[in-house]
Amino acid sequence: MTVTAIDSVTARARALFAAEHADLLRRTPASKAMFERASRSMPLGVASSFQAGSPYPIYLASGRGAQVWDVDGTAYIDYHNGFGTMAVGHAHPAIVEALARTAQRGTHFAVTTETAVALAEELCRRFRLDLVRFTNSGTEATMDAIRVARGVTGRDVVCKIEGSYHGHHDTVMFSVVPGDALLRDGTAANSTPMSKGIPAEMAKWTVAVPFNDLGAVEALFSERGGEIACLIIEPVMMNIGVVLPADGYLAGLRELCTRFGVVLIFDEVKCGATIAAGGAIERFGVQPDLACFAKAIGGGLPLGAFGGREDLMGEIGKGIAQQGTFNGNPLAAAAGLAALTEVLTPAAYVRFAELGSRLADGCRKAIEAAGIAAHVVDLGCKGCVSYRTAPLTNYRDFLDTNADLFDASWAWLVNRGIFMTPGNEEQWTLSVQHDEADIDHFVDAFGGFCEAVGR
Ligand code: PMP
């Protein structure tokens, strides 16, 4: 048996996790019972594998404002916020009113309503798009944007970023969580899909390059530019914490894509309407050819969209298919329109910046006081603690973070009333209904964790 030496902080984190996790299981019998019931009708007892937990997840019953309640009746301040969907907070009066009003007048026609038109206009305005189309999820948005890029260019290969997530359709399921072993063999990292059930031949249509590496993109485009339809990228990587684009990186990609006739697609499913009113497009001042949206734009309803240049989007219906029975559904459109025009107003982003700084500063102080190898990233509505001293620049850096510290922090925080995304690949999301007291509660709980685990 090989015994791997671990440092004292990691050893304390493991012990802490074991104790906190045992507490968590003791105080969540109703979640356990729900899991047993749900497992009889759904794999892993959940509606989506991202909702699963070990040995079972915490099942929620309700939410209001910044809070959620689990099925055992325990209240938490919500920093998970539906994987970044609930920037409006729970049961926001403007969203509830829009839904109630719409429900009274019919919930679905599969015919475009004025609300959907108004929402399309707002999306075009915010994200500087010429034309937009609706979908029901982020997955559909990236799938359709890629379809348009391939259809317009007549090229089939898709370039993505190593270790990035763009949803669960086949083309983007390569190089999502490559892992150490796969990365040592560069070809396997690209050609092993995230799921069984994806034909091995699909691998030839997707090629991955590391984030923040313009040279890799230039080399690839120089060699195979004529085959590559698009480069799809999350402008801030948010499936491994929060990884910022280096200065000039996005502008450099813009230039390379233009030079080689490759369609630049921003996946703004997480960035859009969170890190600025106009998402990464506004925050970094770089305009892609197409952009994809979901999560926060829908105010909590299943809404996705993608859009961009008129000469690309205008090809839809002229040989390029884009459709869906539920696209532009009145309830989703009403919630999205209320979210974007009544709740996520310019003032909301000023507020996110204030609360985000308060949270990040508090966490930074706690990390420094305890001497833990970690850093904080703050983008207002979104942010995270990553357990590595230096900021991450790409997916390989993420493999270097301390997962034991994350696991321990998650269990510690959830036992102290902080509902967080389980998994160090995620980040927190603030809502407009969070206040200073909610932030201070997080900072206090996190400070306690750092003390318990630190030097
Ligand atoms: N793109 C990104 C960047 C995402 O984070 C996600 C979901 N986490 C998706 C696409 C897929 O969105 P959905 O789950 O709505 O299909």
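Predicted model: local features only at pLDDT ≥ 70, side-chain atom pairs only at ≥ 80, totals over all residues.
Residues are numbered from 1 along each chain as its sequence is written, and side-chain values use heavy atoms, with hydrogens and water left out.

View A. Glu-36 and Lys-32 pair up through their side chains, 3.3 Å from N to O. Both sit in helix α2 (residues 29-39), four residues apart, or about one turn of the helix; helices (H or I, at least four residues) and strands (E, at least two) are DSSP runs, numbered from the N terminus. Glu-36 is partly exposed at 40% relative accessibility, and Lys-32 is partly exposed at 40% too. On this scale, buried means under 20% relative accessible area, exposed means over 50%, and partly exposed is in between (1.4 Å probe, protein chains only).

**View B. Arg-259 meets Glu-218.** Here the closest N and O atoms of the salt bridge are 3.3 Å apart. Arg-259 belongs to helix α10 (residues 249-260) and Glu-218 to helix α9 (residues 214-224), so the pair ties together parts that are 41 residues apart in sequence. Arg-259 is partly exposed, at 46% relative accessible area, and so is Glu-218, at 34%.

**View C. Arg-358 meets Asp-440.** This salt bridge spans 2.8 Å, N to O. The pair links distant parts of the chain, with Arg-358 in helix α14 (residues 346-370) and Asp-440 in helix α17 (residues 436-453), 82 residues apart. Arg-358 comes out as partly exposed at 38%, and Asp-440 as partly exposed at 29%.

**View D. A network of salt bridges.** Arg-254, Asp-289, Arg-309 and Asp-311 are the linked residues. Arg-254 is part of helix α10 and, at 18% relative accessibility, counts as buried. A polar atom of the Arg-254 side chain also lies 3.0 Å from the backbone oxygen of Gln-287.

**View E. Around the ligand.** The surrounding residues (each with a heavy atom within 4 Å of the ligand) are Ser-137, Gly-138, Thr-139, Tyr-165, His-166, Gly-167, Glu-234, Asp-267, Val-269, Lys-270 and Lys-295. That shell splits into two nonpolar, five polar and four charged residues; Ala, Val, Leu, Ile, Met, Phe, Trp, Tyr, Cys and Pro count as nonpolar, Asp, Glu, Lys and Arg as charged, and the others, Gly among them, as polar. Look for a ligand oxygen 2.5 Å from a side-chain N or O atom of Thr-139. The protein covers 85% of the 390 Å² of accessible area that the ligand has on its own (Shrake-Rupley method, 1.4 Å probe).

**View F. A nonpolar surface patch.** Phe-50, Val-177 and Met-194 make up about 290 Å² of it. Patches take residues with over 30% relative accessible area and no salt bridge, joining nonpolar side chains (Val, Leu, Ile, Met, Phe, Trp, Tyr) within 5 Å and like charges within 9 Å. Met-194 lies in the loop between α8 (186-191) and β6 (206-209) and is partly exposed, at 35%.

Conventions. Salt bridge = Lys/Arg side-chain N within 4 Å of Asp/Glu carboxyl O. Polar contact = N/O pair within 3.5 Å; in protein donor to acceptor, adjacent residues only side chain to side chain.
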